[in-house]
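Subject: Structure handover

Hello,

Here is the structure I said I would pass on, with my notes below it.

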Amino acid sequence: MNDDLKSLIRTIPDFPKPGIQFRDITTLLLDAQGLRTAIDRMAEATIGPVDLVAGIEARGFLFAAALAVPLNAGVLLIRKDGKLPGATIAEDYALEYGQDRIAMHEDACVPGQRVLLIDDLIATGGTARAAVRLLRKAGAVVDQAQFLIDLPDLGGAEALAADGIRVDSLVAFPGH
Ligand code: AMP
């Protein structure tokens, strides 16, 4: 499945800490044809019109912005708390140790707008599920999410599906 794209993703062992296989998409970004193919396939997988593509900081921004152009949609930024200049709403989520918080501008979407969620990778799903809660709190209709990479053994895609989201990813890496 999408082996052409998979071969453009570099794996860096033990980054940022021992035991993590870091799936590095910078090598895919450097490849003009690979980048175009990834965006084309994400656009093909999108169901129906969407008003906004929401990207999760930071690598998700790249794919969200590129995908929004062919989808004729705007881009909504989901950032680490404290980075956005206007009034925000925020959502907490658990990390392996401790917790983190993501935020969006409270007026970034009009209630009822249909939003497609994008990130480069889904692992445990903690980040993406918090993003869905945040968008829904803002009144968005969120029913699909796309990722370049899924780490299926970490269960994030399954958990997101249980939240009522259609989840698509182009490439899967089994294991952690
Ligand atoms: P999670 O919340 O566990 O689904 O983690 C997803 C977020 O962490 C994404 O924004 C990814 O960019 C990043 N991430 C998690 N695991 C990896 C990994 N093995 N390689 C690269 N990025 C990762």
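Ala 87 lies in the loop between E4 and strand E5 (88-94). Helices (H or I, at least four residues) and strands (E, at least two) are DSSP runs, numbered from the N terminus. The C-alpha atoms of Ala 87 and Phe 63 are separated by 25 Å, with the two residues 24 apart along the chain.

Before the rest, the conventions. This is a predicted model, in which local features need pLDDT of at least 70 and side-chain atom pairs count only at pLDDT 80 or more, while totals for chains, interfaces and linings use all residues. Residues are numbered from 1 along each chain as its sequence is written, and side-chain values use heavy atoms, with hydrogens and water left out.

Ligand site

The ligand is surrounded by 14 residues, and the closest are Arg 59, Ala 123, Thr 124, Gly 125 and Thr 127. A residue counts here if one of its heavy atoms lies within 4 Å of the molecule. By class, the shell around the ligand divides into five nonpolar, five polar and four charged residues. In that scheme Ala, Val, Leu, Ile, Met, Phe, Trp, Tyr, Cys and Pro are nonpolar, Asp, Glu, Lys and Arg are charged, and the others, Gly among them, are polar.

- Asp 119: a polar side-chain atom lies 2.9 Å from an oxygen atom of the ligand.
- Gln 21: a backbone N or O atom lies 3.0 Å from a nitrogen atom of the ligand.
- Gly 126: a backbone N or O atom lies 3.4 Å from an oxygen atom of the ligand.

On its own the ligand has 490 Å² of accessible area, and the protein covers 80% of that (Shrake-Rupley method, 1.4 Å probe). Strand E2 (21-24), strand E7 (114-122) and helix H5 (126-137) are the elements that give two or more residues to the shell. E7 gives the most, with four residues.

Around Glu 57

Glu 57 lies in the loop between strand E3 (52-56) and helix H4 (59-71). Its relative accessible area is 18%, so Glu 57 is buried. The side chains of Glu 57 and Arg 79 are joined by a polar contact of 3.0 Å. The peptide bond from Glu 57 to Ala 58 is cis, with omega near -10 degrees, and Ala 58 is found in the loop between E3 and H4.

Other backbone points

Most residues other than glycine have a negative phi, and most peptide bonds are trans. The bond from Phe 15 to Pro 16 is cis, with omega near -5 degrees. Pro 16 is found in the loop between strand E1 (10-13) and E2, and Asp 14 is found in the loop between E1 and E2. Asp 14 has a positive phi of about 60 degrees although it is not a glycine. Asn 72, also not a glycine, has a positive phi of about 55 degrees. Asn 72 lies in the loop between H4 and strand E4 (74-80) and is exposed, because its relative accessible area is 72%.

Leu 160

Leu 160 lies in helix H6 (residues 156-162). With a relative accessible area of 0%, Leu 160 is buried. Leu 160 and Ala 64 are 96 residues apart in sequence and 18 Å apart in space, C-alpha to C-alpha.

Regards

Definitions and conventions
Polar contact = N/O pair within 3.5 Å; in protein donor to acceptor, adjacent residues only side chain to side chain. Buried < 20%, exposed > 50% of the residue type's maximum accessible area, 1.4 Å probe, protein only.
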